[in-house]
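Visitor: Hi, could you walk me through this one? I'd like to ask things as they come to mind.
Guide: Happy to, so let's have it on screen.

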Amino acid sequence: MTLKVNGKNHTVDADPTTPLLYILRNDLNLQGPRFGCGLGQCGACTVIINGVATRSCILPAGSVKAEITTLEGLAKNGKLHPLQEAWIAEQVPACGFCQNGQIMTAKALLDKNPHPTDQQIRDGMANTLCRCMTYYRVQAAIKKVASGKGGAA
Amino acid sequence: MIPAHIEETLSRRNFLRTAGLLAVTFSTSNAQTTSGPYPDPSYKQLDSWIVIHPNSTATFYVGKTDCGQGTGTAYRQMMCDELDLAYDRSTLIMGSSDTTVDQGGSGGSDGIQVDGWPMRRAAAEARRVLLDMASQRFNLPVAQLAVANGVISVKASPYQTVTYGDLIGGKRFNVPLTGANVDSTTGLAKVKPVQDLKYVGQSLPRYDIPAKVDGSLKWAVDVKLPGMVHARNIKPPFAGAKLISFDEASIRTIPGLVKVVSKGNYLAVVFEREENAVKAARQLKAEWQKPASAPFPASEDLFKYMRAATPTATDRQVVIGDAAAALAKAAKVVEAEYDVPYQGHTAFAPAHALADPSNGQMTVYSNDMKSYGMRNGIARFLGMPREQVRVVWMEGPQGFGRTAADDAGFEAAFLAKELNRPVRVQWMRHEETAWDTKGPAYTFKMKGGLDAQGNLTAFESESQAADHHHVGYNEFDTVLISQLMGTRRAPNRGGGAVPDDRYTIPNRRMTSHVVSMPLVWETPLRTGNLRDPNGPQVTFASESFIDELAFAAKADPVEFRLRLLEATKDDDAGFKRVRSIACIKAAAKAYAWEARPAGNPQAAVGDILTGRGIAYGVRSQTVVAEIAEVEVNRMTGHVWVKRLVCAHDCGLIINPEGLRRTLEGGMLHSLSRALHEEVTFDTEKVTSTDWISHPSLTHRDTPEKIDIVFVNGDPNPNRPDLPHYGGGETICKPLLAAVGNAIFDATGVRLRRIPFRDARVLAALKTARV
């Protein structure tokens with residue numbers, strides 16, 4: 001099967017029912033998305049497809065026809081995405097394991113609604129879990145970008 | 001591929017080897033490879049801690065791991081200050097058993113409090129030695145030299161300079177250190193007074209964050225090796241089940257089978273491709289025999305069972321005065337019982353490790369917070385000499401104590417040895433949530449007596465901890481795979497705890513018992529260290545009860561606590577009593593606390609009732625007071641903690657913003673335990689197996705505002721030797737009680753059982769007709 005990821009086409013020889021996550025991590029060496037539950041519950045594996053934050057751990061790779069964006073594909077021309085900059089300025093991550101899901105879900109949220117209310121941020125991020133409980137800082141970083149104050153420290 | 005920073009640790013081994021610093025002798029003919037053996041670096045050599053490179057940069061090597069709290073950055077700040085090196089000229093390597101000294105990895109929130117000292121002293125010693133070298137070079141006494149940012153200059157003629165790199169770059173110090181153990185490691189130099197530290201106290205950004213945000217960091221889950229294969233476990237479907245047989249034919253249609261491995265009740269499938277291992281673990285037909293009797297009561301019967309159980313041990317007893325006699329004379333007696341269920345670690349990433357058996361050695365790539373213990377445990381488990389086993393620590397999900405009793409590393413090493421190929425083990429979510437180590441369940445019975453003036457004259461506390469056979473460590477005979485293979489020894493007796501506060505109560509009797517579930521081995525209810533293993537449970541009971549006593553005394557909860565703390569002038573060496581007073585006062589001030597008795601429901605706004613609650617706690621030397629403001633929806637029972645305030649005293653703060661985030665996360669983790677978390681089980685198995693059945697706090701639960709006040713309550717706050725205490729776990733102690741106290745204030749209903757899930761709160765409100 002052929003997958004377009006972060007602007008590049010890749011041909012992979014695998015069972016098309018394989019969850020996309022394993023193909024990204026093991027065949028394409030894109031390890032930004034991570035395994036957290038394999039059930040679509042936590043968000044660690046999130047990628048963006050057609051503008052939608054999508055759980056790659058339960059998505060058959062063969063079913064993906066559109067381009068996939070992973071965490072590695074957010075930076076453009078060596079410049080981090082404003083959300084990534086805000087994440088650094090706000091010093092969001094603790095262990096950091098879930099942050100792929102936090103950042104990718106936030107990106108899809110802001111792409112659709114650049115100026116969300118606090119409640120829309122809470123609802124939009126609700127199913128993206130963090131066990132270090134960095135939620136307070138994740139929300140602060142999203143608000144920073146949404147308010148146009150950007151991520152620069 | 002092995003990440004670059006790990007490559008650096010490999011070349012580090014050669015440095016230690018050629019420097020003759022490895023504690024165990026070895027054949028020099030084997031010197032240039034990284035294939036082992038892997039003796040221990042000696043903490044008694046300065047070169048084991050610090051290497052100065054020719055360009056005057058330094059690499060620090062410490063025996064700790066960073067579980068996501070930024071301790072790595074803090075260690076660099078402390079060591080750069082003592083060494084007089086610019087922070088950005090330093091790097092830090094942590095936690096690999098063959099290249100760093102064994103400081104035990106992480107645990108007990110003592111990284112800054114205990115392990116920071118040998119780091120500071122080693123760096124100070126390196127500075128002293130470098131000054132001595134410069135003194136010889138310039139033929140001037142040290143007193144006539146100045147040092148800043150790795151450059152030593154002559155005070156009288158500042159153009160005369162020499163850099164650290166010029167003096168020793170790439171060469172070894174060969175300077176012995178002394179100390180009876182690694183914690184007391186020291187050279188001849190003294191550490192600097194607090195006033196001379198310039199990085200300590202600054203909020204330097206964490207060095208590990210950029211790579212965690214752009215996706216470039218390689219974690220323990222990311223390591224790939226040529227020829228590696230993927231394993232998945234098949235856990236017993238019933239606790240205590242015996243594996244009778246399995247049918248390999250049932251997975252024959254799945255390509256790439258390497259082997260089905262089974263020993264005792266341990267069962268795993270190994271495949272070339274990961275997704276096929278996942279599929280096969282689900283599909284493999286196996287026959288299991290249920291145990292003859294129930295391994296544990298169902299979770300709804302747990303507390304009844306625990307209260308009726310005969311204790312296996314009485315862990316702790318504190319007796320002051322005569323509580324029974326004082327209670328008999330009391331004007332008012334208050335009694336209450338509290339319950340806290342088993343709660344899971346439920347690490348965000350299930351257990352994982354990669355083991356490489358190349359060259360007859362065993363290398364395990366792991367996120368184990370106690371990587372040194374894992375190395376020792378795996379060596380014994382496999383029957384290999386310690387020198388042939390190493391653990392390379394890499395980043396992983398938060399520890400919270402789970403990886404102090406890591407399972408996947410042992411399993412990967414076992415399978416790698418069996419198959420003679422690199423094997424990656426990854427637990428699935430249902431395994432991790434059902435079978436990880438659990439924080440012990442507790443029941444409490446408390447009794448307090450007030451005199452006619454509302455003073456607390458007597459306090460009794462009796463607790464039962466379901467903690468028999470606590471398996472909180474990487475022991476070769478208690479990790480799960482070892483149990484499943486049939487290894488048995490005398491069970492650990494476990495432990496309980498009694499309230500830890502600084503209240504002056506003239507008559508006290510506090511007893512803590514340990515009770516056991518019927519099944520001790522191969523049980524998914526095995527207990528381990530969960531982030532202050534007993535503190536949140538005990539403090540929930542004791543600080544809820546203090547609030548109940550304050551209410552009975554018609555006193556303000558802050559005033560009532562302060563009265564108990566101010567009733568004496570006696571204090572301990574850590575000044576924990578006066579620091580407790582300082583924290584409670586600082587929290588009340590930050591919250592703008594208005595003095596009034598609790599349990600005084602304000603007028604509802606719509607269906608929302610609002611209240612505030614305080615609780616406080618001490619752990620080791622750290623003191624914290626927390627205030628929660630809650631909104632309770634009386635139609636749904638839903639509790640939202642709208643605001644949190646915390647006043648925290650951990651002595652000298654290394655990195656304030658790093659600490660602030662650690663405290664925010666710790667309070668919210670505890671809020672998750674207060675509102676959501678509970679391990680559920682029937683009489684055969686754990687039934688909470690994922691994020692739905694063992695829920696965790698979400699973005700929706702996040703408070704609108706969190707205020708953290710740093711307190712330095714030391715009677716001599718500017719003393720030059722102000723110690724740095726721990727910052728990770730004390731914060732977890734008071735929050736459950738603060739929330740329960742706030743719910744009482746809002747509703748007049750006292751909740752004595754964790755967690756405060758909507759249905760439970762609603763039922764209590766209905767019973768009380770709120």
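**A chat about the two chains**

Guide: Chain A has 5 helices and 5 strands; helices (H or I, at least four residues) and strands (E, at least two) are DSSP runs, numbered from the N terminus. This is a predicted model, where local features need pLDDT of at least 70, side-chain atom pairs count only at pLDDT 80 or more, and totals for chains, interfaces and linings use all residues. Residues are numbered from 1 along each chain as its sequence is written, while chains are lettered from A and ligands numbered from 1 in the order in which they are written.

Visitor: In what pattern does chain A run along the sequence?
Guide: The pattern is β-β-α-β-β-β-α-α-α-α.

Visitor: And what is the radius of gyration of chain A?
Guide: Chain A has 15 Å, in agreement with the value near 15 Å for a compact globule of 153 residues. That radius is taken over C-alpha atoms, and the globule rule is 2.2 Å times the number of residues to the power 0.38. Along the principal axes, the C-alpha atoms of chain A fill a box of roughly 45 × 30 × 25 Å.

Visitor: How much of chain A is buried?
Guide: Buried residues are 58% of its 153 residues. A residue is buried if 20 or more other C-beta atoms lie within 10 Å of its own, exposed if 12 or fewer, and partly exposed in between, with C-beta atoms placed from the backbone.

Visitor: Which domains does chain A have?
Guide: Domain 1 (2-73) and domain 2 (82-146), with bounds that come from an automatic or database domain assignment. Their centres, taken over C-alpha atoms, are separated by 20 Å. The contact between them takes 14 residues from domain 1 of chain A and 14 residues from domain 2 of chain A; two residues are in contact if their C-beta atoms, placed from the backbone, lie within 7 Å.

Visitor: Which elements of domain 1 sit on that side?
Guide: β3 (46-49) and β4 (52-55) of chain A each supply at least two residues of the side of domain 1 that touches domain 2. The largest share, 3 residues, comes from β3(A). By class, that side of domain 1 of chain A divides into 8 nonpolar, 5 polar and 1 charged. Here Ala, Val, Leu, Ile, Met, Phe, Trp, Tyr, Cys and Pro count as nonpolar, Asp, Glu, Lys and Arg as charged, and the others, Gly among them, as polar.

Visitor: On to chain B. How many helices and strands?
Guide: Chain B has 18 helices and 26 strands. Its C-alpha trace spans about 80 × 80 × 50 Å along the principal axes.

Visitor: How many residues of chain B touch chain A?
Guide: 42 residues of chain B are in contact with 44 residues of chain A. On the chain B side, α5 (209-213), α6 (274-283) and α16 (656-675) give two or more residues. The most come from α16(B), with 7 residues. That side of chain B has 16 nonpolar, 14 polar and 12 charged residues.

Visitor: What about the domains of chain B?
Guide: The assignment gives domain 1 (4-217), domain 2 (221-291 + 351-426) and domain 3 (299-345 + 438-514). The centres of domain 2 and domain 3 of chain B are 36 Å apart, taken over C-alpha atoms. Their contact takes 20 residues from domain 2 of chain B and 14 residues from domain 3 of chain B.

Visitor: Is α17(B) mostly covered or mostly exposed?
Guide: α17(B) is mostly covered: 13 of its 13 residues are buried. This helix, residues 735-747, reaches 18 Å from its first C-alpha to its last, close to the 18 Å expected at 1.5 Å a residue, where the expected span is 1.5 Å times one less than the number of residues. Just after α17(B), Gly748(B) takes a positive phi of about 75°.
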